[in-house]
Amino acid sequence: MTKQRPIAIDIQKVVKRFGDFTALKEVSVSIGDNEFFTLLGPSGCGKTTLLRMIAGFEDVTAGAIFLYDQEIAKLPPNKRPINTVFQNYALFPTMSVLENVGFGLEMQGKSRAEARRQAGEMLELVQLSQFAHRKPSQLSGGQQQRVALARALAPKPRVLLLDEPLSALDMKLRKSMQLELKHIQRETGITFIFVTHDQEEALTMSDRIAVMSAGEVQQLGTARDIYENPRNMFVADFIGDTNLLEVSVDKIENGRATCHLGGGHELTCDPVAGVDTGARVHLSVRPERLFLSSEPEEVESLRGRVVENIFIGTDITTILDLGVGPQFRVRASNSDRGNLRVFEPGQNVFVNMERGAARLLVD
Amino acid sequence: MQTGAARFDFPGFKVLTFLCLFILYAPLLVVTVYSFNDSRSITTWGGFSLRWYVDVFTGPDSAKFQSAAFNSFSIALIAATVATAIATSAALAMVRGGRFKLRTATFGLISLPILVPEIVTAVAMLIFFNAIGFTRGYTSILIAHIAFCIPFAYLPISARMQGIEGVYEQAAMDLYAGRAQAFRRVLLPMMMPGIISGFLLAFIISLDDFIITNFVKGAGIETLPTAIFGSVKQGLRPNIMAISTMLLVFSTVIVTLSWLVSRIDRTK
């Protein structure tokens, strides 16, 4: 994100309470103009509530929401230049596809003919022109999804909200829609705020991701940043696959933290703000950042015994017993090079760790 | 898997079925057939004739029946319209309200009058009109009919609304529609089959009501059912059968229509 980029949606210390239940606890997020921004988290984390507050379907208990410097928290949904793609699409069943897409334009005051014309153009963008006069119920799930997208984009909103729009589609269709959404976002230049519980979907599409849990933003950053440098246990565990080890920090000197995890295992990693000497914290190591060998090959290595190899097509995951802590997973790609790193169950091996692969977590 | 035919094919099933149908429909069949009887007698067949139908429109009682029919149809039309409007608002409030605390209680309160014995409602209304000093006549019948038609209009509308979630209205408002536009352009067309069905049901319920009407009508005004009853008290004449048959056909058409309309699913 460049510094000059204006802020499209600025959420400032927003709180949402339903009776005694606090759904959002002082959330502050700034979403840049033309950004593909994702709210990612498990169900019940408050991501959909936050999206509905931006759309205007939920009122704000405390705090403020700005759209390009204009406070919108008090505006009704029909006065906000923000449109939504609903989870189950909510296409109007009594209207044709063309009427659905033209609805927002007509409500903005355009003539019926003009609304139809622009709706037709929108249908071309999502390649559904030939279905313009059908009813939504006559379309497949994927086609309905595109109609919902076209309907929300047609009035040219300043921000588009997408509430788990791909969750009803099968895997293959979802993958192609992910790329198409990203493509449409770049083409239209509209800010997208995307809600999902699928971390892979979030990593694939987003410029930036806010990982949410229990009504709070746990971490905010680019896909790579969140994946490589998770801030806490929740983020490390929720995004991707990881090994979580309980460690004690023995000393921090020369920009390296030395930790031990019992059973004689010791390793060093980059220190992290908030984790001091003597702390008992968790360490996250991604399975693909490790490799096995019969002799130690890197400065940082652990000893373990192979328990099992699991073949999953693209990769081979080796499960190891370190003699301490939970079982450890190491991944090797299914290639000639990767297969050299696969050992038979029962063999004692060294688990080599690239420098920077281990990450200390603030609990 | 057993076929539908095999599952119901136990000994005596057909006999039982025909017995039930006979008990249900034989009286109606007799009335219908004898309405075309040329004889003055209501029990002996004297050949086919339409004379009693002519008699209904031109005979000595025709003026009485015509004014009763006018009252019945005008009251049914107004009562069904007003009751449907009220029932529609109630159903809308239930949808917009989402899962509010007294939702079930509210639904019960609206539907309950269907289960109250009609005679109780009739007495209660009579006492009510007397207590407030309301002169009984056309207006008192109309008010009573509006009241007892509401739950009948409400049921098909609310059944239709089950499939209409609040999200459609939200989607409309998200696309810059005001509340009124969201209702008129999105919700109303989706509710329409239920509304028409509810209206037709209320219309038929009002048209053939006897007990409540008889209590609250006052002297000097008749609806078709009370006029028929009055006529029968002075002796059964075949023209009553002709009127009854016409009412039967009309009711059957309306109820069939109501059922057909209620089956149109516009939420999918």
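Is B:Phe134 buried, partly exposed or exposed? With a relative accessible area of 28%, B:Phe134 is partly exposed (buried is under 20%, exposed is over 50% and partly exposed is in between, with a 1.4 Å probe and protein chains only).

Please keep in mind that this is a predicted model, where local features need pLDDT of at least 70, side-chain atom pairs count only at pLDDT 80 or more, and totals for chains, interfaces and linings use all residues. Residues are numbered from 1 along each chain as its sequence is written, chains are lettered from A and ligands numbered from 1 in the order in which they are written, and side-chain values use heavy atoms, leaving out hydrogens and water.

Over all chains, the structure holds 16 aromatic pairs (rings of Phe, Tyr and Trp, the last by its six-membered ring, with centres within 6.5 Å; planes under 30 degrees apart are stacked, over 60 edge-to-face and the rest tilted). Here are two of the pairs:

| Pair | Centre distance | Plane angle | Class |
|---|---|---|---|
| A:Phe36 and A:Phe192 | 5.5 Å | 45° | tilted |
| B:Phe129 and B:Phe134 | 5.3 Å | 40° | tilted |

A:Phe36 belongs to strand β3 (residues 36–40) of chain A and A:Phe192 to strand β8 (residues 191–196) of chain A, so the pair links distant parts of the chain, 156 residues apart (strands are DSSP runs of E, at least two residues, numbered from the N terminus). A:Phe36 is buried at 0% relative accessible area, and A:Phe192 is buried at 0% too. In chain B, B:Phe129 is buried at 2%.

One aromatic cluster is formed by B:Phe73, B:Phe199, B:Phe203 and B:Phe250.

How values were computed. Helix = DSSP H or I, 4+ residues; strand = E, 2+ residues; numbered from the N terminus.
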